[in-house]
Amino acid sequence: MRKLYMELIRMRFLTMLAYRVNYYSGIIIYAINIGAYYFLWGAIYGGQQQLGGLSVEQMTSYVAIAWMSRAFYFNNIDTEIAQDVREGKVAIEMIRPYNYLTVKTAQAFGEGIFRFLFFAGPGIFLISLIIPFSFPATATGWGLYLISLMFAFLINTQVNLLTGLFTFFLFRNDGMMRAKRVVVDLMSGLVLPISFFPGWAQTVMGFLPFQAINYYPSLIFTGAITPSRAWELIGFQVIWMFVILVPILLLWRRAKSKLVVQGG
């Protein structure tokens, strides 16, 4: 079974590679996003050396790596699940000798690897020719970031699986999926670092899983926290991963018994 999932990862990677126009446009889009946020934050800082616990240099790295991280953890499997349900394809998928949700996760992982290597990597290189920013200076820093990024991918994928599973009950949940994307980008720290939110908002967001998606790995990358604190954040990510897994399993069990195929 493991070979099957590895093959699914490879096939999604190759599928993404086949669309060359998306490849080149993706690089440009990520470079533009990073550049735009860099100049925006440069204007916000003005002559100040530190805001929200981050120096100008750390914020530069944060902006770049936040979008680089998003390239890896971002996926549209909630939309794919919704489409499978509406078209009746999910009925066929559910009788095949594999777990449907694991298949979607494997496909998302293949897409994430492609985006990370061919969107974010070249985008960072292009923008580094214009904008100065620093990478982790040690192998430990890189290792902690990559571990945290992997858990960020798993948590974001779980959120998408949850959203997609609601299609089994609502049949059309496009509004929920659009709202989810806005909430994740805002509350994960992609648009605004969590340390810039008011104290009460940070407290509330501490009880939600979203900052484990982008803020934790980006903070680790900038070197703004110690390795011991980084391990604590990774521990929180592990906890959230198991917490979110519970409603996924419960919803999936109910979804299989409530399935109504439309078309197909």
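Helix α3 (residues 56-73) packs against α11. Gln58, Ser61, Tyr62, Ile65, Ala66 and Ser69 in α3 meet Tyr215, Ser218, Leu219, Phe221 and Thr222 in α11. Contact means heavy atoms within 4.5 Å. By class, this contact holds six nonpolar, five polar and no charged residues. Ala, Val, Leu, Ile, Met, Phe, Trp, Tyr, Cys and Pro count as nonpolar, Asp, Glu, Lys and Arg as charged, and the others, Gly among them, as polar.

The model is predicted: local features need pLDDT of at least 70, side-chain atom pairs count only at pLDDT 80 or more, and totals for chains, interfaces and linings use all residues. Residues are numbered from 1 along each chain as its sequence is written, and side-chain values use heavy atoms, without hydrogens and water.

Two packed helices are described by the angle and the distance between their axes. The axes of α3 and α11 come within 9 Å and cross at roughly 135°. The two helices are therefore oblique to each other (under 35 degrees is roughly parallel, over 145 roughly antiparallel, 65 to 115 roughly perpendicular, the rest oblique).

Now α11 itself, residues 215-222. Eight of its eight residues are buried (under 20% relative accessible area; exposed is over 50%, partly exposed in between; 1.4 Å probe, protein chains only). Among them are Pro217 and Ile220. Just after α11, Gly223 takes a positive phi of about 80°.

Ile248 sits in helix α12 (residues 227-258). Ile248 counts as buried because its relative accessibility is 3%. Beyond neighbours within four places in sequence, Ile248 contacts Leu101, Gln158, Leu161, Leu162 and Leu165. Gln158 is 90 residues from Ile248 in sequence, yet their C-alpha atoms are 7.5 Å apart.

Notes. Helices (H or I, at least four residues) and strands (E, at least two) are DSSP runs, numbered from the N terminus. Axes are lines fitted to C-alpha atoms, for helices over the stretch in contact, and angles run from 0 to 180 degrees between N-to-C directions.
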